[in-house]
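Thanks for taking a look at this one with me. Here are some notes to read alongside the structure, point by point.

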Amino acid sequence: MDDLLEFLRARYEEDNHAYAYVAHTFGSGALLDSHLPMLDLIGMLARDYETMDRSDSRSTGLAYAIRILAQSYAEHSDYREAWRP
């Protein structure tokens, strides 16, 4: 799971840099229909998982949710099939 979280952090950073470039180049109005809120939620879930005690009954469900959300990057060359739920 650590590799998946590292992968998601890298995608999160890449996407945020891309959106920052778009906002700087075309103005913040260009981001009205962006998926920035979803990026923030994925980042929040990943941080919650990292700090959660593995004995917490929610950790299994949270890990599953992270795997589901990571599928949005399945076309990325670094995505691993083993991460699929």
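How many aromatic pairs does a search of the whole structure find? The search finds four, where rings of Phe, Tyr and Trp (its six-membered ring) pair if their centres lie within 6.5 Å. Planes under 30 degrees apart count as stacked, over 60 as edge-to-face and the rest as tilted.

1. A word on the model. This is a predicted model, so local features need pLDDT of at least 70 and side-chain atom pairs count only at pLDDT 80 or more, while totals for chains, interfaces and linings use all residues. Residues are numbered from 1 along each chain as its sequence is written, and side-chain values use heavy atoms, with hydrogens and water left out.

2. The pair of Phe7 and Tyr73. Phe7 belongs to helix H1 (residues 2-26) and Tyr73 to the segment after helix H3 (59-70), so the pair ties together parts that are 66 residues apart in sequence. Helices here are DSSP runs (H or I, at least four residues), numbered from the N terminus. Phe7 is buried at a relative accessible area of 5%, and Tyr73 is buried too, at 13%. For reference, buried means under 20% relative accessible area, exposed over 50%, and partly exposed in between (1.4 Å probe, protein chains only).

3. Phe7 again, with Trp83. The ring centres of Phe7 and Trp83 are 5.0 Å apart and the planes stand at 45°, so this pair is tilted. Distant parts of the chain are linked here as well: Phe7 is in helix H1 and Trp83 in the segment after H3, 76 residues apart. Both residues are buried. Ring pairs join Phe7, Tyr73, Tyr79 and Trp83 into a cluster.

4. The structure holds five salt bridges, each a side-chain nitrogen of Lys or Arg within 4 Å of a carboxyl oxygen of Asp or Glu. One of them joins Asp3 and Arg80, with the closest N and O atoms 2.8 Å apart. It links Asp3 in helix H1 to Arg80 in the segment after H3, 77 residues apart. Asp3 is partly exposed at 40% relative accessible area, and Arg80 is partly exposed at 42%. Another joins Glu50 and Arg9, whose closest N and O atoms are 2.5 Å apart. This pair connects helix H2 (Glu50) with helix H1 (Arg9), 41 residues apart. Glu50 is partly exposed at 38%, and so is Arg9 at 35%.

5. Arg11 pairs with Glu14, the closest N and O atoms being 2.9 Å apart. These residues are separated by about one helical turn, because they are three residues apart in helix H1. Is Arg11 buried or exposed? Arg11 counts as buried at 5% relative accessibility, whereas Glu14 is partly exposed at 42%.

6. A charge over a ring. The charged end of Arg54 sits over the ring of Tyr49, 4.0 Å from its centre. The criterion is that NZ of Lys or CZ of Arg is within 6 Å of the ring centre and within 35 degrees of the ring normal.

7. The position of Leu41. Leu41 is found in helix H2 (residues 36-51) and is partly exposed, with a relative accessible area of 42%.

Definitions and conventions. Helices (H or I, at least four residues) and strands (E, at least two) are DSSP runs, numbered from the N terminus.
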